[in-house]
Amino acid sequence: MNCPLCGFEKNIPYIKPYHWRKTQKHFSVVSCESCNHLYTYDAPEEDDIGPYYDSDTYISHTDTKESLFDRVYGLVKQYMLSRKWGWIRAHVPRGTIIDYGAGSGAFVNFLNQLGRETHGYEIAEAGRKTAKENYGVNLFDPSALKSLENKSVACFTMWHVLEHIYDPKTLIETFHDKLKKDGILVIAVPNPESWDAKHYKEHWAAWDVPIHISHFKQNVLIPYIEKLGFSLVDKKGMPFDAFYVGLISNENKYKSKKPFMAFLNGLKSNLSVGKEKNYSSLVYTFKKA
Ligand SMILES: [Zn+2]
């Protein structure tokens, strides 16, 4: 595969993580010789990627609130929704918000309950079905994006979505067309330059090959989005991701989650971010230029 950002064909090997969700098959993450972008060179074609998604981890279970686990899970989920909104709310102008890659619709539902008109787009039929069942929320298929009126949207959010996209340029250009003046684009992605990525190496769960096509470094993502007509207005770390990624990475490496070790490594990661803010995951907020 050529570089998904610049189209250049030459690259150098970077790391060989594996498909920990199912097949354990190794894939090659390479560095583009032209723009330095890290991407999964031998990822399947877009039409063949479906089976690599582990449907169990992609359908959130029904919120019955019966067991302690359910209740704790529900609380963490609710807390994360308000964190997400807290990171971006100061930048979001009046008007419609669109969550692109809305999963099972929790964020869409959360914002609607706050009184912010929000719509969601989701490619997975299972996600759309769950959103309908759990929240009565109708998510759209991404093909419906084209029919939105230009300059009509206040904010697009993509929470851990852009790294899955085969053709980021076309998508970002569409967002640019649909955003109104001063509209906002929020992009949350894993950070391959974080302490936990360097520590766990090929076991790092957030490589998540082959379903992650792109692995965005800050100094590649920011200029790329800015070239498409945006300017960066904010960048925040997602400290909880370091703990979660630590648990799954331990499972990959030791066949055991080792919660205490995951906790310590999460702390180490969050304390090693430096002035570049190299958190496990980052939330970038861009404004339409
Ligand atoms: Zn490139």
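Reply: H160 counts as partly exposed, because it has 18 C-beta neighbours inside 10 Å. A residue needs 20 or more to be called buried, and 12 or fewer to be called exposed. Keep in mind that this is a predicted model.

The backbone of H160 deserves a look. H160 is not a glycine, yet its phi is positive, about 55 degrees. Most residues other than glycine have a negative phi. H160 sits in the loop between strand 6 and helix 5 (168-178).

Step back into strand 6, residues 153-159. Strand 6 is joined to strand 7 by six bridges, and the two run parallel. Now follow V186. Setting aside neighbours within four places in sequence, V186 is in contact with C155, F156, T157 and M158, and also with I88, V283 and T285.

D182 lies in strand 7. Phi of D182 is near 65 degrees, a positive value in a residue other than glycine. D182 is partly exposed, because 14 other C-beta atoms lie within 10 Å.

Six strands make up an open sheet with mixed pairing, in the order 5-4-6-7-10-9. The edges are held by strand 5 (118-121) and strand 9 (230-237). Each of these has a single partner strand, so one side of each has no neighbour in the sheet. From one strand to the next, the twist averages 20 degrees. Strands of a sheet pair through backbone hydrogen bonds, either parallel or antiparallel. Helix 7 (residues 218-227) packs on the sheet and touches strand 9 and strand 10 (281-288). The direction of helix 7 makes about 150 degrees with that of strand 9.

The largest nonpolar core has 63 residues. Those with the most contacts inside it are Y39, F156, M158, L185, V186, I187 and A188. Strand 7 (residues 179-190) gives the largest share of this core, seven residues. In soluble globular proteins, nonpolar side chains tend to be buried together.

Helix 3 covers residues 106-113. Six of its eight residues are buried, so helix 3 is largely enclosed by the rest of the structure. The buried ones are A106, F107, V108, N109, F110 and L111. G115 follows helix 3 with a positive phi near 95 degrees.

Helix 4 (residues 125-135) reads another way. Its buried residues are G127, R128, T130 and A131. They lie on the same side of helix 4, because they cover an arc of only 165 degrees around the axis. E125 and E133 are exposed on the other side of helix 4. An α-helix has 3.6 residues a turn, so residues three or four places apart point the same way. G136 follows helix 4, and its phi is positive, near 65 degrees.

One more stop, in the loops. The peptide bond from V209 to P210 is cis, with omega near 0 degrees. Most peptide bonds are trans. P210 lies in the loop between helix 6 (195-200) and strand 8 (214-215). Now take I211. I211 and P51 are 160 residues apart in sequence, but 9.9 Å apart in space, C-alpha to C-alpha. P51 belongs to the loop between strand 3 (38-40) and helix 1 (55-58). P51 is exposed, because 10 other C-beta atoms lie within 10 Å.

Finally, the whole chain. The secondary structure comes to nine helices and ten strands. Buried residues make up 40% of the 289 residues. For contacts between residues at least 6 apart in sequence, 70% join residues at least 24 apart. The C-alpha atoms fill a box of roughly 50 × 45 × 40 Å along the principal axes.

Key. Residues are numbered from 1 along each chain as its sequence is written. This is a predicted model: local features need pLDDT of at least 70, side-chain atom pairs count only at pLDDT 80 or more; totals for chains, interfaces and linings use all residues. Helices (H or I, at least four residues) and strands (E, at least two) are DSSP runs, numbered from the N terminus. The arc is that of the directions from the helix axis to the C-beta atoms. A nonpolar core is a set of buried Ala, Val, Leu, Ile, Met, Phe, Trp, Tyr and Cys residues joined through C-beta atoms within 7 Å. Two residues are in contact if their C-beta atoms, placed from the backbone, lie within 7 Å. Two strands pair if DSSP finds at least two bridges between them. Axes are lines fitted to C-alpha atoms, for helices over the stretch in contact, and angles run from 0 to 180 degrees between N-to-C directions.
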